[in-house]
Amino acid sequence: MKITKKQVGIGVAIIVILGVLGWVFKPQPAEAADVDFTFGAEKKIEANTNKMYLDSSVDLPLGIKGTSGVNYSVDNSLDATFDSFELDFSKGLNDKISVYSQSDFDVNLDHSDTTVGFKIKF
């Protein structure tokens, strides 16, 4: 499946919405929201399909961090295929323990998977 303008538009809209939410819930509304962007690519040595993603993260109220992203598969001829959207939330309970929720959505924005868990650092 090729990437359509609609899919790109939806991906950009999700990233912008998360940025706006960060700005709206910022304790000092006169300051701009601190939105972090991450671009990444993965190459499997013996595979014809590679991964590429673009995420944005923002700190929300109550110490919650929200992350939205778009994921693509890229073949060796650099043809990109849109795979999924993701919407993740995490909250650190203290310096060592955090809880998280990771939700994935397909190209039609239908919910495909949610993972809920916790992490302990030691």
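Helices (H or I, at least four residues) and strands (E, at least two) are taken as DSSP runs and numbered from the N terminus. The model is predicted, so that local features need pLDDT of at least 70 and side-chain atom pairs count only at pLDDT 80 or more, while totals for chains, interfaces and linings use all residues. Residues are numbered from 1 along each chain as its sequence is written, and side-chain values use heavy atoms, with hydrogens and water left out.

Ile 97 belongs to strand β5. With a relative accessibility of 30%, Ile 97 is classed as partly exposed, where buried means under 20% relative accessible area, exposed over 50%, and partly exposed in between (1.4 Å probe, protein chains only). Ile 97 is one of the members of a nonpolar surface patch, together with Leu 93, Val 99, Phe 118, Ile 120 and Phe 122. The accessible area of the patch is about 680 Å² in total. Patches are made of residues with over 30% relative accessible area and no salt bridge, with nonpolar side chains (Val, Leu, Ile, Met, Phe, Trp, Tyr) joined within 5 Å and like charges within 9 Å. Areas come from the Shrake-Rupley method with a 1.4 Å probe, and for residues only the protein chains shown count as cover. Strands β5 and β6 are the elements that contribute two or more residues to the nonpolar patch.

Two aromatic pairs are present in the structure. Rings of Phe, Tyr and Trp (its six-membered ring) pair if their centres lie within 6.5 Å; planes under 30 degrees apart count as stacked, over 60 as edge-to-face and the rest as tilted. Tyr 72 and Phe 82 are paired edge-to-face, with 5.6 Å from centre to centre and 75 degrees between the planes. Because Tyr 72 lies in strand β3 (residues 64-75) and Phe 82 in strand β4 (residues 80-92), this pair ties together parts that are ten residues apart in sequence. Tyr 72 and Phe 82 are both buried. The rings of Phe 82 and Phe 85 have centres 4.7 Å apart and planes at 55 degrees, so this pair is tilted. The relative accessible area is 3% for Phe 82 and 1% for Phe 85, which is also buried. Tyr 72, Phe 82 and Phe 85 make up one aromatic cluster.

Phe 85 is also among the residues touched by Ser 103, along with Glu 86, Leu 87, Asp 88, His 111, Asp 113 and Thr 114, not counting residues up to four places away in sequence. Contact here means heavy atoms within 4.5 Å. Ser 103 lies in strand β5 (residues 97-105) and is buried at 12% relative accessibility. Asn 108, in the loop between β5 and β6 (111-120), is exposed at 57% relative accessibility.

One salt bridge is counted, the criterion being a side-chain nitrogen of Lys or Arg within 4 Å of a carboxyl oxygen of Asp or Glu. The salt bridge joins the side chains of Asp 83 and Lys 51 (3.4 Å, N to O). Asp 83 in strand β4 and Lys 51 in strand β2 (residues 49-59) are 32 residues apart, and the pair links distant parts of the chain. Asp 83 is partly exposed at 28%, as is Lys 51 at 34% relative accessibility.
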